[in-house]
Amino acid sequence: MANTPTIYDVARAAGVSIASVSRVLNGQRNPREETRERVMQAVAELGFAPDGAARALSARLKEVVGVVVRRVPWAETSEGLFADEDESLQFPDMINRGIEVVAQRRGFDLLVRSVDVGDHDSGKRILSLARKSDGLILHDRILEPDQLARLSRQVPIVTLAGVPTGTTVNVRGDNKAGMRELARHLVRDHGYGSVSYLAGHADSPDNLARQEALEAEVTGAGAKFVDGPQWRGNYLAVGGASVVDQLIDQHVPLPRAIACANDQTALGVMYALAARGVDVPGEVAVTGFDDIPVARHLRPQLTTVRQPIQDLGATAFEILHSMISNGQPGNRDVVLPTRLIRRESCGCPSDLAMPAWRTTEGRRRR
């Protein structure tokens, strides 16, 4: 019995989803000829004979995954200066692109739903989405722990930037390692004596991990860590700019370096500092986290911690697909590596940010 091939074995051998195997075997929805041939070849090679349980499972699949994103309410976003940035540079949207690419390969569709930050009554809407889906991917801290525990017993769930539980899997970047490397660079390499952290959402596990690692490394190196309620942002450019404007208006001394919770916050910080005549990095160094595409096009270019953004989404979907197909996985806390990207905004020379061929070409022209 242990060697009896299953529908999962056929799907793996054919390189298609379980739903695609089901369509071929049951003659549903006219599968592509290439898919049909791959499935039938795998069936023949494995000697697979579908049983009632396999047919029942495949028939229950909706080929849909629900994705839930937390967003700042529209009333709190900017309508002017940073409107385009706040709408087009959203980190969750880049993750969703990674989810979408892999989902298409597996023959799945996505249902995307957003909930407001601070909305603690979103459980019913998410439950409704779960009933239409084979599994859920939840960005950030979408549900309270008790809500997550109840829902995960009904449908497979993978969280992003959350906390793994006994019934869910979490996928995240290595926030602490990234922030430790950044802190060492600011304090030890550049010798900056004071560093602040311009935070994101207060209950975000990613935000909390980054702040904890930065503070520990900065204070451990003998520098001053600057924090407090006035350093609270919202992961958006408008939030970063607002914090800087208020600090300057209140004549609060600025630290030598500001480490932002993400790149969008850093964009707003750099703009506000420039508008107030504060030189970056000459007077205040600024860093981000994520390495979204715009980071390398800012002037000065933004020093940041790079996450494999689309890989986070792709990995989350692959794990969820495995949970839908094969049950619970062994590893519940999947951590992808991060890397410090040194550019001009921390005080490094611009050549560090350029590809080797551009640096060489520039020297030839000079």
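Predicted model: local features only at pLDDT ≥ 70, side-chain atom pairs only at ≥ 80, totals over all residues.
How many residues does helix H12 have, and how far does H12 reach from its first C-alpha to its last? Helix H12 (residues 263-275) has 13 residues and reaches 18 Å between those two atoms. Residues are numbered from 1 along each chain as its sequence is written, and side-chain values use heavy atoms, with hydrogens and water left out.

**View 1. The whole chain has 14 helices and twelve strands.** Helices (H or I, at least four residues) and strands (E, at least two) are DSSP runs, numbered from the N terminus. The chain has 366 residues, and 50% of them are buried. Buried means under 20% relative accessible area, exposed over 50%, and partly exposed in between (1.4 Å probe, protein chains only). Contact means heavy atoms within 4.5 Å. Take the contacts between residues at least 6 apart in sequence: 72% join residues at least 24 apart.

**View 2. Helix H12 is mostly covered.** Its span is close to the 18 Å expected at 1.5 Å a residue. The expected span is 1.5 Å times one less than the number of residues. Ten of the 13 residues in H12 are buried. Among them are Asp 263, Leu 267, Met 270 and Leu 273. Just after H12, Gly 277 takes a positive phi of about 80°.

**View 3. Helix H1 packs on helix H3.** H1 covers residues 7-14 and H3 covers residues 33-46. Their axes lie 9 Å apart, at an angle of about 125°. That makes H1 oblique to H3. Angles under 35 degrees count as roughly parallel, over 145 as roughly antiparallel, 65 to 115 as roughly perpendicular and the rest as oblique. Axes are lines fitted to C-alpha atoms, for helices over the stretch in contact, and angles run from 0 to 180 degrees between N-to-C directions. From H1, Asp 9, Val 10, Ala 13 and Ala 14 meet Arg 38, Val 39, Ala 42, Val 43 and Leu 46 of H3. This contact holds seven nonpolar, no polar and two charged residues. Ala, Val, Leu, Ile, Met, Phe, Trp, Tyr, Cys and Pro count as nonpolar, Asp, Glu, Lys and Arg as charged, and the others, Gly among them, as polar.

**View 4. Helix H9 packs on helix H10.** H9 spans residues 175-189 and H10 spans residues 205-220. The angle is about 35°, with the axes 8 Å apart. The H9 side includes Met 179, Arg 180 and Arg 184. The H10 side includes Asp 206, Glu 212 and Glu 217. By class, the contact has seven nonpolar, one polar and eight charged residues.

View 5. Most peptide bonds are trans. Pro 281 sits in the loop between H12 and strand E9 (285-287). Pro 300 belongs to the loop between E9 and strand E10 (304-306).

**View 6. Ala 161 and Tyr 235 have positive phi values.** Most residues other than glycine have a negative phi. Phi of Ala 161 is near 60°. Ala 161 lies in the loop between strand E4 (157-160) and strand E5 (169-173). Ala 161 is buried, with a relative accessible area of 13%. Phi of Tyr 235 is about 75°. Tyr 235 lies in the loop between strand E7 (224-226) and helix H11 (237-249). Tyr 235 is buried, with a relative accessible area of 13%.
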